[in-house]
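Keep the 3D view open as you read.

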Amino acid sequence: MAWFKRTEKGIQTATEDKKDVPKGLWYKSPTGKIIDADELARNLYVSPEDGFHVRIGSKEYFEILFDNNEFKELDAKMTSKDPLHFVDTKKYSDRLKDAMDKTHLKDAVRTGVGKSKGNELVVCCMDFAFIGGSMGAVVGEKIARGIDYSIKNRVPFVMISKSGGARMMEAAYSLMQLAKTSAKLAQLSDAGIPYISLCTDPTTGGTTASYAMLGDVNISEPGALIGFAGPRVVKDTTGKDLPEGFQTAEFVLEHGFLDFITPRKELKDKINLFIDLILNQEIR
């Protein structure tokens, strides 16, 4: 019976010889499907089992949209300040530093300029990983400068929203960005330059109340949460049960707030198709 009895006490394997399962080897989607992480990445972070679109950031969206992932980043070193000396559970200045160290980002939006299907394109893309993609003064300024570049160079503009809303630590400075970005988009419209707005999961708060819903064409990825206040807040405020699928992209499309839902694999083709149609130019 010795074959299943421990004859020597204690763990005999040396620490350096222990084998751990690498982190991130598998991904479990909300529907319970298990996907190999490498396969998920090859599939543009869309679960092949159920079509669930995993949240991604500006790095991945730039890889999808720009030819050969070649682009120039505008205002790459712009960072937020702490004019109000805001403190909640920690100082805002410390929160900014922690977010920069953790994400290796300077703020919650990046702007890239490059070719997409052979033509120049400006893409502003938000990163939810940076303080919940919250919209502060830097986010508004970088978007405004991206629009200025589009106007000056007559290049179509794409905004990829992924945000929990305005950044409370900047108070009124944050709320000013709604009017600022909306005014800039009005200038873009007056110049006759296409603006495509892509809503991803989640697009909420002041982002939805400004630039996310002002596109010439408003599109979304499947299943994205899109709304102003979140479902829990709406339910608590109204005291009513919400319809099934409330604030999903599909629900919002059905009620007329979106033009199209576009799977991630089709984003590059569809965005450039809409631009070609708006400009009345040959379809690429």
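Is Asp 241 buried or exposed? Asp 241 is exposed, with a relative accessible area of 66%; here, buried means under 20% relative accessible area, exposed means over 50%, and partly exposed is in between (1.4 Å probe, protein chains only).

## Before you dig in

What you're looking at is a predicted model, where local features need pLDDT of at least 70 and side-chain atom pairs count only at pLDDT 80 or more, while totals for chains, interfaces and linings use all residues. Residues are numbered from 1 along each chain as its sequence is written, and side-chain values use heavy atoms, with hydrogens and water left out.

## Salt bridges

A salt bridge here is a side-chain nitrogen of Lys or Arg within 4 Å of a carboxyl oxygen of Asp or Glu. By that rule, the count is 20. Asp 241 takes part in one with Lys 235, at 3.6 Å from N to O. Lys 235 itself is partly exposed, at 39% relative accessibility.

Next, look at Arg 145 and Asp 75, whose closest N and O atoms are 3.1 Å apart in their salt bridge. This pair links distant parts of the chain: Arg 145 sits in helix H4 and Asp 75 in the loop between strand S3 (71–74) and H3, 70 residues apart. (Helices, H or I with at least four residues, and strands, E with at least two, are DSSP runs numbered from the N terminus.) Arg 145 is partly exposed at 37%, and Asp 75 is partly exposed at 25%.

## A buried pair

Glu 221 and Arg 264 also form a salt bridge, 2.9 Å from N to O. Glu 221 is in the loop between strand S8 (217–220) and helix H6 (231–238), and Arg 264 is in the loop between strand S9 (260–261) and helix H8 (267–279), so they tie together parts 43 residues apart in sequence. Both residues are buried.

## The nonpolar cores

A nonpolar core is a set of buried Ala, Val, Leu, Ile, Met, Phe, Trp, Tyr and Cys residues joined through side-chain atoms within 4.5 Å. The largest one has 27 residues, and Val 139, Ile 143, Phe 157, Met 159 and Tyr 211 touch the most other members. Elements supplying at least two residues each include helix H4 (137–153), strand S6 (157–163) and helix H5 (171–190). A second, separate core of 19 residues includes Leu 65, Val 158, Ile 196 and Ile 219.
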